[in-house]
Amino acid sequence: MLTALNLFPGVSTDWQDEVLRTAISTDHNISAYGSVKEFLPYRVSFGYTDQNGILKTSNFQRYTGSVSLTPSFFNDHLNVNLNGKGVYIKNRFADTGALGSAVSFDPTKPIRNDSKYGGYFTWTGDYTPDGTRATSAGVNPVSMLEMVDDRSTAKSFIGNAQFDYKLHFLPDLRLNMNMGLDYTSVEGNKYVDPNAPGSYQPDDDATGSHRIYNSTLKNKLFDFYAQYSKELPSLASRFDIMAGYSYQSYQTQKDNVTYYLSRRPETFGQNTTVSNEYKETDTKYVLASFYGRMNYSLMDKYLLTFTLRDDASSRFAKNKRWGLFPSLALGWKINEEGFMKDFTNLDELKLRLGWGVTGQQDINQGDYPYLSFYREGKGGAMYPIYDASGNVTWVNVLAPTAANPNLKWETTTTYNVGFDYGFLNGRITGSVDGYIRKTKDLINAEVNAPAGTDFAEYVVSNIGSLENKGIEFSINTRPVVSRDFSLDLGFNIAYNKTKITELTYNDNSDSPGKRFESTGGDGGLRLKIHSVGYAPGTFYVFQQVYNADGNPIEGEYVDRNGDGVITDNDLYRYKKPTADVLMGFNSKFTYKQWDLGFNGRVSLGNYNFNATAANAALGVNELFENNALSNKPVSALKTGFQTRQRLSDYFIQNASFLKIDNITLGYNVDKFLRSSWNARFYATVQNPIIITKYDGLDPEVNDGLDNDVYPRPISVLFGVNINF
């Protein structure tokens, strides 16, 4: 190890500094609106964004243009709304894996030397640049950015044409038709240098690659409804009835070809293709709906809304395709009652009751989960075909996919009660809501199929039920309002509890539940579990034992079942990634032409698995595995663990936080350059403040798994809006 440390004396490389940067971005927008001879109102806008990522080599450029036309005909009986928006995007992507590599790569080595790996230092088994790369040492993070050129261009169009016609002979009846199109075309190229250490294999000549891909997304919408509204003064009533039909089509076409490139110019010529592979997919699904709604108001105090939807998804078999989803809402404006007349400061007090059923058909396992079709076999399996002369041709083996013809809609039934309130001429407003949601026939894409019953180990299925209970409260106030000074304050809080009430994917009643999600690192272990009576994705870990000083003892866990040995039977459910309580707050202060505002959030009761710390240890085999040095985060010094203890509950850490998302200071100019012009100059800081006890880089991570997080940058934005 000492020899490895002294291989490049005096070198100290901050790898995170080498892959990260302070990024400068710009955003420009201009819009204009008016009317052509009072007949054709219009609005047009153009925009350009140039955004550099904080990870070097990453860049995003976007050009946008939009137009909106809103003419009317026949004395406003026919109103037309035409909208179109075009977007052109250029991307250069950076490998986010360079962040994780920057944390672990040996800081005592230089960025570049004379190695055969494109001139980038790469750990080799015998310390020489001509040796075989030590795969356990990781990849030079700078090479991951500079030896890969990954770019794409995207062209998008989003448009719709809406026609609203109020019948001449029956003005209370309106017909509305809306047609929409969302079209995106993407072209991309990803070039990996044949000498890039991340893909270099000493026994394989074709270690570089050039991937060319194309994709087209076409989403179409047709929606038509009729709406009849009528006032009945004699009954102090008003009602409107609406019924319609909707059709949505989602089509995706993709193709890509990968050329594998030679690194031996003396044999093949530099970057010459030595082999290639081609893939093409075309998939489509459709949603169709019949729907209706009735609103009824009595004396403008008693309100009723009833809706009914009959939805169909092509992702289900014909006998499971349709789902009927009703809902009912009742409202009572209590403040309009005579017995409330003495409450003169009360502007609004409304009681709301609701019940409804909704459906969910997102599957994340293709658009045809109820059908079995053939695909190429996994693992490159091939089959020989011999001709009459004995020559052999190798073809890909085809295998049928798993299918579930009984798959159906996942449905959620919601019961809610709420109050809306307002006082002091709108100076105080808000609401209180309580709800219970019960979801059944949960769709899960990784359910074990009994042996011999299907063509795959896992099949998408409806597996169980879920229950959510919660309460929400919000308040908005204007405590100070004067000619030169005003103050607005807002606050909301939500409490939610979620638990699984039924799981039907496994007939074994002794099973603790479905384990999933990897701890990361070599030989990752399953970290989470779905089980009845607990929140989805609860952490499933060992209970750590601590010494008298409160420090964790390596490899010592509580024998929870008392059998004298530590096995998987001693794992227990401990904490969850989702928060118990979420809060939001905002404020805006104005003084003459100045304004100052901020928005923030609080999350309480959410826990993360600190995978970066859990996969760090200080043993010789961890620091110097296969004769290659690696770096470790300073969190490893807190435990002193010599080997990784990835299922210890010590690494399930409280990730509650308070964040200020943005602070904005603005100044308004009423007469800017010309008397008819006005302008606003402003400065915004995004993500300026975070308060948390969490040990990781950022407490706000996806699903509670903190592993190779892309840093959330602090952004400073200066801008000006000019109206003329």
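Which side chain meets Arg-352 in a salt bridge? The partner of Arg-352 is Asp-420, at 3.0 Å from N to O. The legends below start from this pair.

The structure is a predicted model, in which local features need pLDDT of at least 70, side-chain atom pairs count only at pLDDT 80 or more, and totals for chains, interfaces and linings use all residues. Residues are numbered from 1 along each chain as its sequence is written, and side-chain values use heavy atoms, with hydrogens and water left out.

**View 1. Arg-352 and Asp-420 form a salt bridge.** The term salt bridge stands for a side-chain nitrogen of Lys or Arg within 4 Å of a carboxyl oxygen of Asp or Glu. The pair of this view links distant parts of the chain, with Arg-352 in strand β13 (residues 346-360) and Asp-420 in strand β18 (residues 410-423), 68 residues apart. Strands (E, at least two residues) are DSSP runs, numbered from the N terminus. Asp-420 is buried, because its relative accessible area is 17%. Buried means under 20% relative accessible area, exposed means over 50%, and partly exposed lies in between (1.4 Å probe, protein chains only).

**View 2. Lys-333 and Asp-300 form a salt bridge.** Their closest N and O atoms are 3.4 Å apart. This pair too links distant parts of the chain: Lys-333 is in strand β12 (residues 322-333), while Asp-300 is in the loop between β10 (273-298) and β11 (302-313), 33 residues apart. Lys-333 has 23% relative accessibility, so Lys-333 counts as partly exposed. Asp-300 is also partly exposed, at 47%. By the salt-bridge rule, the count comes to 31.

**View 3. Asp-568 and Arg-515 form a salt bridge.** The closest N and O atoms of the two residues are 3.4 Å apart.

**View 4. Four strands, β24, β25, β26 and β29, form an open sheet.** Their order is β24-β25-β26-β29, and the pairing is antiparallel. β24 and β29 stand at the edges with a single partner strand each, so one side of each is left without a neighbour in the sheet. Two strands count as paired if DSSP finds at least two bridges between them. Strand β26 (residues 538-541) is joined to β29 by 2 bridges, and Val-541 has Tyr-572 in β29 as its bridge partner. His-530 lies in strand β25 (residues 526-530) and counts as buried at 17% relative accessibility. The C-alpha atoms of His-530 and Arg-573 are separated by 9.8 Å, although these residues are 43 apart along the chain.

**View 5. Strand β5 pairs with strand β3 and with strand β6.** Strands of a sheet pair through backbone hydrogen bonds, either parallel or antiparallel. β3 (residues 59-69) and β5 (residues 78-93) are antiparallel over 11 bridges, with Gln-61 opposite Lys-90 in β5. β5 and β6 (residues 148-166) are antiparallel over 16 bridges, and Ile-89 stands opposite Ala-154 in β6. Strand β4 (residues 72-73) is joined to β5 by 2 bridges, again antiparallel, and Ser-72 stands opposite Asn-79 in β5. The hairpin of β4 and β5 has 4 residues between the strands, and Phe-74 in this hairpin takes a positive phi near 55°.

**View 6. Strands β33, β32 and β36 form an open sheet with mixed pairing.** The order of the 3 strands is β33-β32-β36. β33 (652-654) and β36 (705-706) are the edge strands, each pairing on one side only. Strand β32 (residues 607-610) and β36 are parallel over 2 bridges, and Asn-610 stands opposite Asp-706 in β36.

**View 7. A network of salt bridges links Arg-601, Lys-659, Asp-661, Asp-698, Glu-700 and Arg-712.** Among the linked residues are Asp-698 and Glu-700.
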